[in-house]
Amino acid sequence: MTINIAPGADYPGNMLDVYTAYLFTFREGFLVNSLAGFLESLKYRNNDDQKKMMQVVDAGKIKGIKRIPEIVFWKGESIERNSQEYQQLLDEVFKSLFTQSAAAKQALIDTKDEALSCRYENDKSKTLLTRDEFITRLLNLREQLNSKQESPQQDKRKKKRGRSQ
């Protein structure tokens, strides 16, 4: 089975979309209300404009910068869209969200080992988060989360071993 990630999809796919409202803190205390708002904020050089955009949940309804820039901004500093630095920024914001939001974390865990899909654009010149960038990050985070969780059987074995020592 494949889990479709979209606002109107069934759980858990509906909870993993970039437009889903999750309040989390990024880096030096920047409050973010959704991944979509964060991504939209990267189009603005001005810190105050960035902070306002991070508060937005449905960035698709914003009348702002519609073009997809080759250069994005973080705290006034330029970052090339196609750079490793940009990819690291994405890694960090995804990790922040799924570390801080129990609901987002649980939705990702609840995808189990199912394939994930979405209808996001896959052309970097047309979006700040391609389908591949999005799905790859979700799969990597899911793998990390699943490796941290122990099955009840593993937990029982550890406790039993601890008592016999």
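**Exercise 1. Describe the lining of the second largest pocket by residue class.**

Step 1. The lining splits into three nonpolar, two polar and three charged residues. Here Ala, Val, Leu, Ile, Met, Phe, Trp, Tyr, Cys and Pro count as nonpolar, Asp, Glu, Lys and Arg as charged, and the others, Gly among them, as polar.

Step 2. By name, the lining residues are Lys 95, Phe 98, Thr 99, Lys 105, Leu 141, Gln 144, Leu 145 and Lys 148. On a 1 Å grid over the protein atoms alone, a pocket is an open set of points where a 1.4 Å probe fits, with protein on both sides within 12 Å along at least five of seven lines; lining residues have an atom within 4 Å of a point.

Step 3. Two or more of these residues come from each of α3 and α5, and α5 gives the largest share, four residues. Helices are DSSP runs (H or I, at least four residues), numbered from the N terminus.

A note on the source: this is a predicted model, in which local features need pLDDT of at least 70 and side-chain atom pairs count only at pLDDT 80 or more, while totals for chains, interfaces and linings use all residues. Residues are numbered from 1 along each chain as its sequence is written, and side-chain values use heavy atoms, with hydrogens and water left out.

**Exercise 2. Find which residues Phe 98 is in contact with, leaving aside its neighbours within four places in sequence.**

Step 1. Take contact as heavy atoms within 4.5 Å.

Step 2. The partners of Phe 98 are Leu 16, Ala 104, Lys 105, Leu 108, Leu 138 and Leu 141.

Step 3. Phe 98 also lines the second largest pocket, as do Lys 105 and Leu 141.
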